Amino acid sequence: MPPPSSAQQKVLTAQFVNLTGATERQATKYLKSTGYKINEAVDAFYSSGNEVKGPSPVESKLDALFDTLRDDKNDEKDKMELESTMDYLGSKLNVSLENAELFVVLEIVQAPSVGEITRQGYVEGWKKANAGTTHQEHSRYVQRLLSTLSKNPAVFKKVYRYTFVAGREGDQKSLSLENALIYWGMLFSPPGMAWKTENHDWLDLWKTFLNEKWTRSVNKDMWNMVLEFAVKTLADDSLSFWSEDGAWPSVIDDFVEWCLKKGIGKSETMDVDAA
């Protein structure tokens with residue numbers, strides 16, 4: 001027997017959701033497994049131990065709070081677009097849009113892009129953070145997080161890595177160099193992790209090098225490895241940890257060589273060569 005048409009599948013999915021309170025994804029799963037026989041699918045759902053509950057009080061409050069942030073005229077039902085998002089970040093949470101504070105919040109709510117917040121990400125993010133159900137409580141939570149951002153490598157790494165996800169444009173797999181430079185400047189400055197040692201301003205050197213030598217976009221591996229490299233330079237600004245045989249991306253190898261030619265850093269490799 002051929003499977004039902006797409007229109008019939010949608011009807012059956014809606015019926016399943018109405019009967020069980022399950023998600024559309026769950027409905028599709030059980031309907032497919034039973035050849036779209038609605039009664040068998042419902043039985044299989046409950047036989048698997050599924051028990052769908054309504055939203056928790058916290059979820060309901062966060063859901064209602066999200067609705068107060070949306071602009072009915074310009075936003076979709078389950079999404080805050082750019083203007084609403086920026087207003088929320090600035091006026092409700094009192095975070096700066098010009099430094100790492102921006103990305104701390106975007107990571108919490110798992111924003112799909114810099115100028116967009118979804119209902120699901122907002123509700124699930126704040127619920128997971130266990131930060132309360134008011135803007136004031138959320139703002140205080142963000143401030144507490146910011147106070148540890150430069151001192152807690154795990155938190156900073158999580159925010160840093162998510163910046164790549166939110167910072168991409170559309171369906172692009174990489175960051176444009178222009179945007180990557182802006183985001184590095186925001187993340188590697190207070191209240192983020194300052195990429196600077198007593199001897200060198202590494203952030204400035206990195207940006208100068210890229211502007212001179214790099215014309216391509218920034219992929220995920222390059223983005224992630226820059227943080228690993230930055231952490232090592234903060235611990236050892238002589239660059240002695242670097243070697244030509246290391247597993248660094250070629251752009252970082254080129255950066256180190258560029259630095260060494262300028263007399264910045266002194267690697268073990270150069271010491272051997274000099275000897």
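## A loop between two helices

Leucine 239 sits in the loop that runs between helix H12 (220-235) and helix H13 (250-261). The structure is a predicted model, and the values below are computed from it.

Although leucine 239 is not a glycine, its phi is positive, at about 65°. Is leucine 239 buried or exposed? Its relative accessibility is 0%, so leucine 239 counts as buried, the limit for that class being under 20%.

## Another positive phi

Asparagine 130 is also not a glycine and has a positive phi, of about 55°. This residue belongs to the loop between helix H7 (119-129) and helix H8 (135-148).

Asparagine 130 counts as exposed because its relative accessibility is 69%, and exposed means over 50%. Leucine 239, by contrast, is buried.

## A cis peptide bond

Which residues does a cis peptide bond join? The bond links proline 190 and proline 191, with omega at about 5°. Proline 191 is part of the loop between helix H10 (177-187) and helix H11 (202-213).

## The annotated domain

An unreviewed UniProt entry places the feature "domain: DCUN1" at residues 57-260.

How values were computed: Residues are numbered from 1 along each chain as its sequence is written. This is a predicted model: local features need pLDDT of at least 70, side-chain atom pairs count only at pLDDT 80 or more; totals for chains, interfaces and linings use all residues. Side-chain values use heavy atoms; hydrogens and water are left out. Helices (H or I, at least four residues) and strands (E, at least two) are DSSP runs, numbered from the N terminus. Buried means under 20% relative accessible area, exposed over 50%, partly exposed in between (1.4 Å probe, protein chains only). UniProt positions are given in the numbering used here, feature names are shortened, and annotations may be inferred rather than shown by experiment.
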